[in-house]
Each structure stands twice: as structure tokens, then as C-alpha cells.
Amino acid sequence: MKFNFERKTFNIGEKLKVGVISDSQLSPARRKNETTFRKNLVLSLSSLKNQGCNMIIFAGDICNMASAYAYDTYMDAFKSVFGEKMPVVQSIMGNHDYYGARTAKGCRRLFLHKTGDSAFTHYTVNGFHFIGASPDCAKMSDGYRKILPYLKNEIEIAKKSAATDLFLLRRTILPKIPYTAAMIGAINRFLTRFRNIRML
């Protein structure tokens, strides 16, 4: 299985101000009344808008269980807060976004269909590199084992662009991957090629 990263470049014409949120845990089905989870997402987005954020990173667990309704709620929340002046939005999947009756591949396909973006992204915004690496399954302890070679490739691409600042968006701590100490050491040495690397 291949995990190809979608690459996009944005030049937003103003100083970059990034807001990071996660874990909206949106309901998989319509409820009689608006849920607390949707209200909290709207409040969080409103707060980031009021602070002047022109990029929003959503670090996983959009849904409580993967569903078209939860993703529609997510997209509608952004539209209700930002209207036509949408910031750059980079989202990854979390373990809850894999819960439900679908296969992992089916969950990623639903994420793409409803958000319009891949679960694996590499955005360059005002020259800063943001790599969004979703886990490949619901298992928090094993969600990056298969993705790691593709992730290393994206980091190499950022390095070749003469980037010195890299933000790596992931759902779990990468050293927990069940690899040998030598491989983890190699990854850490690889990451130190950047002057500034921040794990989000």
C-alpha cells in the first residue's frame, strides 16, 4: 500500500499566524439538538478567528466514529465561522476517525471525499513546511510503521527546498513506533538536519 502525500503551496500575503486544535469528537449521526461537541468546535474556531489565525491545523479525531455526517458537521462549522474568508486548513485523521464499520482504506477515502484533502499532506505556507501525517489505522501504537518511509521522503523534499523550518503534524509520538533503536536513531539524526523542527 502506498501513502502518497498531497503537496500544496500557499502564499497568503500576510504574516503567518497558526492555530492548532484537535479532538472535536463530532457525533456520527444527527441529534435532536446541537451537540456540545459541535458547539465547542465552533467556539474554538471563533477564538482562533478572533486571534487573527490565517492557518488552522486540526490534529485528528474530527469524528467520534468515522461518518459522513460528522465530516459534514466539521466542514459546516468552518463555513459558519469563516464564511468566504477561509484560512488555510490542514487536517489529519486520528484513531477515532478510523472507528466504525469501514476498513482503514475506506475511512481515508471518506476523509478525502468529505474534506477534499488527503489524510497525508505537505503544505508550504509562506515558505514554512507543514507535513500532516495521519496514522494509517486506529492502532495508536502501530499507526506510523507503514507510513514512515513516505514521511522520510517528504522531509527530504522539504530539505531540498532549502527549508530550515519544518512542522511535523502527527497523532502519536513517532519514537513509539516498534522499530529498532538504530532505526529510531537514524530518524532522529535525519530530523536534526533542520535548524528548527517542531512536532505538533
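Are Tyr-74 and Phe-78 buried or exposed? In this predicted model, in which local features need pLDDT of at least 70, side-chain atom pairs count only at pLDDT 80 or more, and totals for chains, interfaces and linings use all residues, Tyr-74 is buried and so is Phe-78, where buried denotes under 20% relative accessible area, exposed over 50% and partly exposed in between (1.4 Å probe, protein chains only). Residues are numbered from 1 along each chain as its sequence is written, and side-chain values use heavy atoms, with hydrogens and water left out.

The ring centres of Tyr-74 and Phe-78 lie 5.1 Å apart with planes at 75°, so the pair is edge-to-face; rings of Phe, Tyr and Trp (its six-membered ring) pair if their centres lie within 6.5 Å, planes under 30 degrees apart counting as stacked, over 60 as edge-to-face and the rest as tilted. Tyr-74 also touches Leu-26, Leu-41, Phe-58, Ile-62, Val-89 and Ser-91, residues up to four places away in sequence not being counted, contact meaning heavy atoms within 4.5 Å.

The axes of helix α2 (residues 68–82) and helix α3 (residues 104–115) come within 9 Å and cross at roughly 35°, the axes being lines fitted to C-alpha atoms over the stretch in contact, with angles from 0 to 180 degrees between N-to-C directions; helices are DSSP runs (H or I, at least four residues), and strands likewise (E, at least two), numbered from the N terminus. This contact is made by Ala-68, Tyr-71, Asp-72 and Met-75 of α2 together with Leu-110, Phe-111, Lys-114 and Thr-115 of α3. Both Tyr-71 and Phe-111 are buried.
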